[in-house]
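Reader: I am new to this structure. Could you walk me through it, please?

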Amino acid sequence: MIKNIMITGGAGYIGSHIAEILIKKKKKVIIVDNLSTGFRKLINKKAKFYKADIHNKKKNKIYYKKK
Ligand SMILES: NC(=O)c1ccc[n+]([C@@H]2O[C@H](COP(=O)([O-])OP(=O)(O)OC[C@H]3O[C@@H](n4cnc5c(N)ncnc54)[C@H](O)[C@@H]3O)[C@@H](O)[C@H]2O)c1
């Protein structure tokens, strides 16, 4: 069963709603968002948040980190 789910754009309209649904289903949610159009206040407090741009391959080690 999938336990950890990463959502890109989780500070935006669609992503924040998806995060809320998944957290209610007891999933561990990781949000990656550069806050270009999103809002910090929309990020669910139970999610782990990384402020990062998904296009920046060099800086984004979080994709490859094993947990
Ligand atoms: N009904 C409503 O109240 C309402 C409100 C807002 C939006 N909408 C609709 O929702 C749709 C848009 O929602 P959405 O969730 O797709 O857009 P959004 O802009 O709300 O969310 C996109 C998220 O992705 C992030 N992002 C963008 N580029 C990124 C990058 N390179 N790296 C990391 N993060 C990045 C942004 O910061 C943002 O948080 C539209 O159709 C809009 O009309 C409806």
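Reader: Thanks! Which residues are closest to the ligand, and how many surround the ligand?

Author: First, a word on the source: this is a predicted model, where local features need pLDDT of at least 70, side-chain atom pairs count only at pLDDT 80 or more, and totals for chains, interfaces and linings use all residues. Residues are numbered from 1 along each chain as its sequence is written. A residue is near a molecule if its C-beta atom, placed from the backbone, lies within 6 Å of it. Here 17 residues surround the ligand, and the closest are Gly9, Gly12, Tyr13, Ile14 and Gly38.

Reader: Which elements give two or more residues to that shell?

Author: Helices (H or I, at least four residues) and strands (E, at least two) are DSSP runs, numbered from the N terminus. In this model the elements are α1 (13–24) and β2, and α1 gives the most, with three residues.

Reader: How do I read the sheet, and what is the order of its strands?

Author: Two strands pair if DSSP finds at least two bridges between them. This open sheet of three strands runs β1-β2-β3, with parallel pairing. At its edges are β1 (4–8) and β3 (48–51), each pairing on one side only. Four bridges join β2 (residues 28–33) to β3, and Asp33 stands opposite Lys51 in β3.

Reader: What does Ile43 touch?

Author: Contact is a distance test: C-beta atoms, placed from the backbone, lie within 7 Å. Not counting residues up to four places away in sequence, Ile43 touches Gly10, Ala11, Ser16, Ile31 and Phe49.

Methods
Contact = placed C-beta atoms within 7 Å.
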